[in-house]
Each structure stands twice: as structure tokens, then as C-alpha cells.
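Please open the model in your viewer and keep the selection panel at hand.

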Amino acid sequence: MIDIPEELAASQVRHNGEEGRAFIAALPGRATEFLERWSLRPTGPSMYGAASLVLPVERADGTAAALKMQLLDEESEGEPVALRVWGGDGAVQLLEHDAETGTMLLEWLGGTSQAEGSGGELRHLSSVDDDRQAVQILAELLARLTAVPAPPGLRRLGDIAAAMLDDVPQALDALEDADERRLLADCAAAVREVAGEPGDRLLHWDLHFDNVLAGVREPWLAIDPKPLAGDPGFDLMPALWNRFDASAVRWRFDLMTEVLGLDRERARAWTLGRVLQNSLWALEDGVDGEQELSEEQAEVARVLLGR
């Protein structure tokens, strides 16, 4: 038997309805199937994220690993593709993968040495108190990850940008505050300027501090990509809002564009594109019918627009 956290079950039902409920119900059987198929032995309690369950395990040769099970969708189906392309260079290594279910066996990133195995404790980049050091580490990882071209078949930023721009008129109508309407319209205008050149790099899309773990092969490694093909400027936003500090937005943006060697104006436009994407999602979800921009997202936009 495996422990399925109530928080994960509730999240799956909330976001995926009956499909999420079925995924949770199938987890015990799926875990048993892959423990047997890949000759794995559980070595610790279940861990979970927003959409996945992870079991610390040991392989037949005694090496530690992590069995990751998640609902297969357009975001998660690209994860093994990206991990194969990176091949452990700046990212967690993919050891096994089942295409039908999306189940993956990943290298274990807990502990400070291989001898500690899966008994080691996970350490996220968010544990680094020095903000500049943490952003520098993240930026250097992101520079490596986005240095390679995206393989065929991944979601494309050009398509995402076009869909966002189609949704802007409805979103503007929904916003009551005039200043917020102008802010969202300016984000959309910035995206229109660069939409014709969406880029072809392999993007992580979700590289925030808690998606970087201390490793054994390398000091820090990226996990949990939601990959797409596009411009690296579209990958900067998580580092701007994670552990949010309005006074840090400018220097974080400057540091990341310098480390990645990006054109500042293109990076600014694509980062405003992330504000647009996040805002459109929030307006669509609208808690209790509330139709307003997140203050954090709005503040990032204001800084980048010079307001």
C-alpha cells in the first residue's frame, strides 16, 4: 500500500474532475505495477507536488531513484522528451519512462552523496537565503537548459501567443479597473511586437526556486519541466515572482538577461507575455467572480513598462 496525501487527491479532483479522481484511484495499482516492472523497492514515505506522486525507491543494483506518477496531459507529456534532450546536463536524469501512463523513474536528488541514497533530505534552491545567489544559480541553470533547440512535437510559443492575443478583448471587457485594462492591453501590445519571432529553444517554462534541487552529480539540478519551444525570454517570469519582492524585480530581470545573454527588449516583451498568460488564466478562473489582476503580476508589468 502507498500513502496518497489528501491534498493531492483534493487538488486532482478540483483541477481535473472525474479524470483526476480516476487517476487517484488508480495510483496504488500503478505503483505496484511499476515497482515490479522496474524491480524497485520502496525506501521511504510518499512525496507529492501539485500534480504528481513521487515514491523514493531503490533499484535492483542498490542505487537510489524516484518513481514519479502523474496525470498525462499536454504539459506533463513533454517532460520526458525534454529530460532526454538535456541528458542530465543541468536537469535531473530520466532513467525509465512509460509512454502510456507518463510514469517516470528519475535519479534521486536527496542527500549530499550517493551513499546516503534515498534516506537523504531534499534541499530546494528556496533554502538559499541570499536572494542574489539563488537567482544567479537559477539563471545559470536556465542558460544551459535553453541553449539547446527544442525537439519536434513540443508545444510552441508561437501558438500559445496567438491564442493569448485572441483572448485579450474578452479579458479587457471583464476588467472593471481602467488602469488594469491599460496594463493588460500594454502587455498584449508588447507580445504582438515579438509574436512573429517566437524562437525555437527548449524552454523549461516553470523554473522557480522549488523546481531546483541540490544534486549529487551537480550542486543544483532542475526538475519538473513543462517544456515548450520558444524564446528564452518567456522563461524568466518564475524567478521574478517567486519569493516576490517588488524592489527586486528590476535587478533580477537585469541579472537574468545578462547571464542568459538575451536582448533586453525582446526579453521584456516575452516576460510581459507571461504576465499576460498568468492574468488571462486568473481572469478565466475568477474566484467568486472576482475580475482583477494579481498585484504581484501587475507590479512586474509596471516595473518592466517603466511605470
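Select helix 4 (157–174), which gives the most to the lining of the second largest pocket, with eight residues; helices here are DSSP runs of H or I with at least four residues, strands are runs of E with at least two, and both are numbered from the N terminus. This is a predicted model, in which local features need pLDDT of at least 70 and side-chain atom pairs count only at pLDDT 80 or more, whereas totals for chains, interfaces and linings use all residues. Residues are numbered from 1 along each chain as its sequence is written, and side-chain values use heavy atoms, with hydrogens and water left out.

The second largest pocket has a volume of about 520 Å³. A pocket is an open set of points, on a 1 Å grid over the protein atoms alone, where a 1.4 Å probe fits and where protein lies on both sides within 12 Å along at least five of seven lines; its lining residues have an atom within 4 Å of a point. Points are joined across faces, edges and corners, and the volume is the space filled by probe spheres set on them. To centre the view, pick Met164, Asp167, Leu280, Trp281 and Glu284, the closest to the pocket centre of the 20 lining residues. Besides helix 4, strand 7 (155–156) and helix 8 each give two or more residues to this lining. By class, the lining divides into nine nonpolar, three polar and eight charged residues, where Ala, Val, Leu, Ile, Met, Phe, Trp, Tyr, Cys and Pro count as nonpolar, Asp, Glu, Lys and Arg as charged, and the others, Gly among them, as polar.

Next, follow helix 8 (264–285) to the largest pocket, where helix 8 gives the most to the lining, with six residues. This pocket holds about 1,500 Å³ of space. Of its 42 lining residues, Ala50, Ala51, Asp206, Asp224 and Lys226 are the closest to the centre. The lining has 18 nonpolar, twelve polar and twelve charged residues.

Now display strand 4 (64–70) and strand 6 (104–107), both of which give two or more residues to the lining of the largest pocket. These strands pair in the antiparallel sense over four bridges, pairing being counted if DSSP finds at least two bridges between two strands. Which residue in strand 6 is the bridge partner of Ala66? The partner is Leu106, and Leu106 is also the bridge partner of Leu94. Strand 5 (residues 94–97) pairs with strand 6 in the antiparallel sense over three bridges, and in their hairpin, with six residues between the strands, Gly102 takes a positive phi near 80 degrees.

Finish at Ser39, in the loop between helix 1 and strand 1 (41–42), where phi is positive at about 50 degrees although Ser39 is not a glycine. Ser39 counts as partly exposed because its relative accessibility is 44%.

Note on methods
Buried < 20%, exposed > 50% of the residue type's maximum accessible area, 1.4 Å probe, protein only.
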